[in-house]
Amino acid sequence: MALHAQTPADAPARTGVPAPAPAQAGRAATALGAALAERGEHAAAERALRRAVRCCRAAYGPDDPRLAVPLRALGAVCVARGRLAEAEALLNRVLVLLAGPGDGTEEES
């Protein structure tokens, strides 16, 4: 019997352990990304936070305010990595999410 590295994608099928729900996976990836960023491991933090954003979008939808947490953390990592234009776009998205849906009376700027 040959041994091979187990990937997260095939772990549930072979172990019988169900894959985490997208919301739970998003929270875990956000926490991991924040911890890695705090340690200065920005490349790994970025990967974890991009996964967190994907999971949270899948769990909550693209306009849910709960996306603000991983997006804000990802924006901070982009600042640390010198990608200021991307960070600005991410942080502007956070502001839009936290402001909530507009009532249609104000113009978009």
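Modeller: The expected span of a helix is 1.5 Å times one less than its number of residues. The model discussed here is predicted.

Biologist: How many residues does helix α2 have, and what distance does α2 reach from its first C-alpha to its last?

Modeller: Helix α2, residues 22-38, has 17 residues. From first C-alpha to last, α2 reaches 24 Å, close to the expected 24 Å.

Biologist: Which residues of α2 are buried?

Modeller: An α-helix has 3.6 residues a turn, so residues three or four places apart point the same way. In α2, the buried residues are Ala23, Ala25, Gly26, Ala29, Thr30, Gly33 and Leu36. These residues lie on the same side of α2, because they cover an arc of only 155° around the axis.

Biologist: Against what do the buried residues of α2 pack, and which exposed residues does the face turned away carry?

Modeller: The buried residues pack against α3 (42-60) and α4 (68-80). The face turned away from the buried side carries the exposed residues Arg27 and Glu38. Just after α2, Gly40 takes a positive phi of about 85°.

Biologist: How many disulfides does the structure hold?

Modeller: The cut-off is a pair of cysteine sulfur atoms within 2.5 Å. The structure holds zero disulfides. For Cys56, the nearest cysteine sulfur is that of Cys55, 6.9 Å away, and Cys56 is in no disulfide.

Biologist: Are Cys56 and Cys78 buried or exposed?

Modeller: Buried means under 20% relative accessible area. Cys56 has a relative accessible area of 3% and is therefore buried. Cys78, at 0% relative accessibility, also counts as buried.

Technical notes. Residues are numbered from 1 along each chain as its sequence is written. This is a predicted model: local features need pLDDT of at least 70, side-chain atom pairs count only at pLDDT 80 or more; totals for chains, interfaces and linings use all residues. Side-chain values use heavy atoms; hydrogens and water are left out. Helices (H or I, at least four residues) and strands (E, at least two) are DSSP runs, numbered from the N terminus. Buried means under 20% relative accessible area, exposed over 50%, partly exposed in between (1.4 Å probe, protein chains only). The arc is that of the directions from the helix axis to the C-beta atoms. Contact means heavy atoms within 4.5 Å.
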